[in-house]
Amino acid sequence: MPERFTVTTPREGVALVTMDRPAKLNAMDPTFFRELTGICADLGHDDGVRAAVLTGAGRAFSAGGDIDSFHDLDGDTVRVRAHLRRVYDAFCAVERCAVPVIGAVNGIAHGGGTELTLACDMALAGESATFAFREPTVGLTPGWGIVRGPQVMGRGWTRLLALTGRVIDAATAERAGLVQEVVRDDELLGRALDLASETAALPPLAVQVGKAFVNRDTDAGFAESIEATALLFTTAEHRDAVAAFRAARGRG
């Protein structure tokens, strides 16, 4: 059984995948990425599932990477590259999943949470949701997001988020094209399930082919991004930022 997720089938043909680490704001660690990759593969092999909704337990979709796991990498470039490949594989698994994945973005979606939103085929946001690439605040860049962001939001919005670390609200995310609709928080999950049911009711092969073609040829730039981001993990400014973060939380 997954440690970081729960998977249920609340409606015919629809899987609900819930990031289930609420005490950590569904922060992403190596176990998270490994499990997400496996879940996406399993969904594609389940004939009873034709669409999936991805959401977060508690008050966050995901606050992004688990800073404690960054500390464990200790600036070792080999380990950092392996970690980044695991991250990229997980986000790409959402894009390549045989069934459409609909993001139901509740609350905080920062760092990897925004990148995961980019990976979803469609995304709805609760009105209280917030989005940001916070990686620059710890001396990094959103490696996956700076490749995929221009394709989803355009270069201008990607630059604004990736070069400032700014937090934007759900309405701004909709204007940027990061999400397709903003709904009331208490209606979010129901609306996302309705959208999943809508696509699940269609002939599945047509949906699969449509998704595959929309997402084709999207790997360009990832290899270079991994190398550039791996170098940032080795810098003094990143180490100092992580140490300051952990000290502020009493984990220095």
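**Packing and charge pairs**

A: Begin with one residue in this predicted model: L116 touches M19, M28, F32, L36, L54, F61, F91 and V94, leaving aside residues up to four places away in sequence.

Q: Which residues have the most contacts inside the largest nonpolar core?

A: In soluble globular proteins, nonpolar side chains tend to be buried together. Here the largest nonpolar core has 60 residues, and those with the most contacts inside it are L43, L116 and F131. Helix α3 gives the most to this core, with 9 residues.

Q: How many residues does the second, separate core have?

A: That second core has 13 residues, among them V14, L16, L188 and L193.

Q: How many salt bridges does the count come to?

A: Side chains of opposite charge can pair when their charged atoms come close. In this model the count comes to 14 salt bridges.

Q: With which residue does D29 form a salt bridge, and how far apart are the closest N and O atoms?

A: D29 pairs with R4, and their closest N and O atoms are 2.6 Å apart.

Q: Are D29 and R4 buried or exposed?

A: Buried means under 20% relative accessible area. D29 has a relative accessible area of 7% and is therefore buried; R4, at 15%, also counts as buried.

Q: Which residues are linked with D29 and R4 in a network of salt bridges?

A: The network links E3, R4, R21, K24, D29 and D66.

Q: Which parts of the chain does the salt bridge between E95 and R148 tie together?

A: The closest N and O atoms of E95 and R148 are 2.5 Å apart.

Q: What of R79 and D76: how far apart are N and O in their salt bridge?

A: The side chains of R79 and D76 meet in a salt bridge at 4.0 Å, N to O. R79 counts as partly exposed, at 42% relative accessibility. D76 is partly exposed as well, with a relative accessible area of 32%.

Technical notes:
Residues numbered from 1 in each chain as written. Predicted model: local features only at pLDDT ≥ 70, side-chain atom pairs only at ≥ 80, totals over all residues. Heavy atoms only, no water. Buried < 20%, exposed > 50% of the residue type's maximum accessible area, 1.4 Å probe, protein only. Core = buried A, V, L, I, M, F, W, Y, C linked by side-chain atoms within 4.5 Å. Helix = DSSP H or I, 4+ residues; strand = E, 2+ residues; numbered from the N terminus. Contact = heavy atoms within 4.5 Å.
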